[in-house]
Amino acid sequence: MLLALDDALSTAVLAGRGADAEIFGVIDLTSKTETRISAISLGRAIQFVANASVLGYDVRGAMVVYGEPGTPSLRVWDCEHLWTQYGGALLQPPEHKR
């Protein structure tokens, strides 16, 4: 069952990778303040959260919010898994079906 949920999440995220997203719960370790990141694509949000620790951010409490109200948010472990699994594909524009 977990694999089916993972596949559903991956499919939904790949389909919506160009959608607008916001990131909450990111702490800038230099200034020790929370940084809110908005107006970013879902794919770039996943990339940021997955790699933020090397950029000087604490994302242990981060949450990526996207899609319609009620869409489950992504946590840091979701972003790390998705970035590891799909990487650059998350940054590509979605293909248009004819």
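This is a predicted model: local features need pLDDT of at least 70, side-chain atom pairs count only at pLDDT 80 or more; totals for chains, interfaces and linings use all residues.

Tutor: Leu29 has a relative accessible area of 39%, so Leu29 is partly exposed. The residue lies in the loop between E1 and E2.

Student: Which residues is Leu29 in contact with, leaving aside neighbours within four places in sequence?

Tutor: Asp58 is 29 residues from Leu29 in sequence, yet the two C-alpha atoms are 6.5 Å apart in space. Contact here means heavy atoms within 4.5 Å. With neighbours within four places left aside, the contacts of Leu29 are Gly56, Tyr57 and Asp58.

**Positive phi**

Student: What is the phi of Lys32, and where is Lys32 found?

Tutor: Lys32 is found in the loop between strand E1 (20-28) and strand E2 (33-41). Its relative accessibility is 64%, so Lys32 counts as exposed. Lys32 is not a glycine, but its phi is positive, at about 60°.

Student: Is Ala39 buried or exposed?

Tutor: Ala39 has its place in strand E2. Ala39 is a residue other than glycine, with a positive phi near 55°. The cut-off for exposed is over 50%. Ala39 has 74% relative accessibility, so Ala39 counts as exposed.

Student: Which residue follows H3, and what is its phi?

Tutor: The residue that follows H3 is Gly87. Its phi is positive, near 45°.

**Helices**

Student: Which residues of helix H3 are buried?

Tutor: Helix H3 covers residues 76-86. Buried means under 20% relative accessible area. In H3 the buried residues are Val76, Asp78, Cys79, Leu82 and Trp83. They cover an arc of only 155° around the axis, so they are on the same side of H3.

Student: Which exposed residues does the face of H3 turned away from the buried side carry?

Tutor: Take the face of H3 turned away from its buried side. The exposed residues there are Trp77 and Thr84.

Student: Why is helix H2 largely enclosed by the rest of the structure?

Tutor: H2 runs over residues 42-51. Its buried residues are Leu42, Gly43, Ala45, Ile46, Phe48, Val49 and Ala50. H2 is largely enclosed because its buried residues number 7 of the 10.

Student: Which residues does Ser10 touch, not counting those up to four places away in sequence?

Tutor: Ser10 has its place in helix H1 (residues 2-15). With 1% relative accessibility, Ser10 counts as buried. Not counting residues up to four places away in sequence, Ser10 touches Leu82, Gln85 and Tyr86.

Student: What is the relative accessible area of Arg17?

Tutor: Arg17 sits in the loop between H1 and E1. Arg17 touches residues including Ser41, Leu42, Gly43, Pro93, Pro94 and Glu95, not counting residues up to four places away in sequence. Ile37, 20 residues away in sequence, is 16 Å from Arg17, C-alpha to C-alpha. Arg17 is buried, and its relative accessible area is 13%.

Student: How far apart are the C-alpha atoms of Ile23 and Val65?

Tutor: Ile23 is found in strand E1 and is buried, with a relative accessible area of 0%. Not counting residues up to four places away in sequence, Ile23 touches several residues, among them Thr35, Ala45, Phe48, Met63 and Val64. Val65 is 42 residues from Ile23 along the chain, and the C-alpha separation is 6.4 Å.

**The whole chain**

Student: What pattern does the chain follow along the sequence?

Tutor: There are 3 helices and 5 strands in the chain. Read along the sequence, the pattern is α-β-β-α-β-β-β-α.

Student: What is the radius of gyration of the chain?

Tutor: The globule rule gives 13 Å for 98 residues. The chain comes close to that value, so it is as compact as a globular protein of that length. Its radius of gyration is 13 Å.

Student: What share of the contacts comes from residues 24 or more positions apart?

Tutor: Buried residues make up 34% of the 98 residues. Count the contacts in the chain with a separation of 6 or more. The share from residues 24 or more positions apart is 58%.

Student: How far apart do the centres of the positive and negative side chains lie?

Tutor: The chain has 8 positive and 11 negative side chains. The centres of the two sets are separated by 4 Å.

Methods. Residues are numbered from 1 along each chain as its sequence is written. Side-chain values use heavy atoms; hydrogens and water are left out. Helices (H or I, at least four residues) and strands (E, at least two) are DSSP runs, numbered from the N terminus. Buried means under 20% relative accessible area, exposed over 50%, partly exposed in between (1.4 Å probe, protein chains only). The arc is that of the directions from the helix axis to the C-beta atoms. The radius of gyration is taken over C-alpha atoms; the globule rule is 2.2 Å times the number of residues to the power 0.38. Lys and Arg count as positive and Asp and Glu as negative; His and the chain ends are not counted. The place of a charge is taken as NZ of Lys, CZ of Arg, CG of Asp or CD of Glu.
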